[in-house]
Amino acid sequence: MSGQYSPLTTHVLDTAQGKPASNLEINLYYQTKDKQWQQLASGKTNADGRCPGLLTQEQFKPGIYKISFETGEYHKSQGVQGFYPFVPIFFEIIDPNQHYHVPLLLSPFGYSTYRGS
Amino acid sequence: MSCSRLNTIVGHLQGSQQTPQPKLAVNEMSGQYSPLTTHVLDTAQGKPASNLEINLYYQTKDKQWQQLASGKTNADGRCPGLLTQEQFKPGIYKISFETGEYHKSQGVQGFYPFVPIFFEIIDPNQHYHVPLLLSPFGYSTYRGS
């Protein structure tokens, strides 16, 4: 997670507090042909709620990915009880030449995600 | 409504060291009161997502996922009778929506092959509504009442 260009990016916003969710652990996995989850990246969001340098273009293959956010830990660190112990988002990449942004808008009792560019 | 299948849990539990589970009431999603409800809305089309498969699981003490209910949403995007009050224990649940299949049935390519939502129940005396607002390239959920 060196900060170099990644074709896949994420951003975690804490919508209850109106600020980025920092120091939230994220893990990225790729589903292999035999349906196993291969870990590709792991890290924590920075002060801006981002995790730069998740993947290189070369690593970015078509297929099913899982990006998992440790929301339970995060809310605990904020001193609140959240409804979601963790949030995994599964998505399918068909064209790795595009840029994909998979953000998480998070509050203790609700979240949303969308495919951004 | 087609939702009536329930895996017989006891036979599928893994690990012989587990103590025998009490026999669960067969949940046929009969429309009786459930302390846990869901609702799937297709926000791209502006209508409920019907005939979408949902599976509900409970995380046991040894971190296995015990299936509690299975079915498909009705014409209103709901799955009545998911659980009885008696079945509803504190703990971590997973409700998994087969969104890939659903979008395929609608003739669109969706971004999400499936959507599992993990949530923690602390007070089973409350009612919990865990809806899914779904479109091919975005979704949201919240804890309703």
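Across the interface of chain B and chain A of this predicted model, 6 residue pairs are in polar contact, both residues at pLDDT 80 or more. A polar contact is a pair of N or O atoms within 3.5 Å; within protein, one must be able to donate a hydrogen and the other to accept it, and residues adjacent in sequence count only if both atoms are side-chain atoms.

The contact (heavy atoms within 4.5 Å) takes 22 residues from chain A and 22 residues from chain B. About 2,000 Å² is buried between the two chains, and carbon and sulfur atoms give 68% of that area. Buried area is the accessible area (1.4 Å probe) that two parts lose on being put together, summed over both. In chain B, the most area is lost to chain A by Phe111(B), Phe118(B) and Tyr139(B), together 32% of what that side buries.

On the side of chain B that touches chain A, β7 (115-121) and β10 (138-142) of chain B each supply at least two residues. The largest share, 6 residues, comes from β7(B). Strands (E, at least two residues) are DSSP runs, numbered from the N terminus. This side of chain B holds 16 nonpolar, 4 polar and 2 charged residues. Here Ala, Val, Leu, Ile, Met, Phe, Trp, Tyr, Cys and Pro count as nonpolar, Asp, Glu, Lys and Arg as charged, and the others, Gly among them, as polar.

An open sheet of 8 strands has the order β3(A)-β2(A)-β9(A)-β10(A)-β10(B)-β9(B)-β2(B)-β3(B), with mixed pairing. Two strands pair if DSSP finds at least two bridges between them. Strand β10 (residues 110-114) of chain A runs antiparallel to β10(B), joined by 5 bridges. Tyr114(A) stands opposite Gly138(B) in β10(B). Strand β9 (residues 104-107) of chain A is antiparallel to β10(A), with 3 bridges. Leu105(A) stands opposite Ser112(A) in β10(A).

In chain A, 4 strands form an open antiparallel sheet in the order β5-β4-β6-β7. β5 (37-44) and β7 (87-93) of chain A each have a single partner strand, so one side of each is left without a neighbour in the sheet. Strands β4 (residues 25-31) and β6 (residues 63-69) of chain A pair over 5 bridges. Leu28(A) has Ile67(A) as its bridge partner in β6(A).

Residues are numbered from 1 along each chain as its sequence is written, and chains are lettered from A in the order in which they are written. Local features need pLDDT of at least 70, side-chain atom pairs count only at pLDDT 80 or more, and totals for chains, interfaces and linings use all residues, while side-chain values use heavy atoms, without hydrogens and water.
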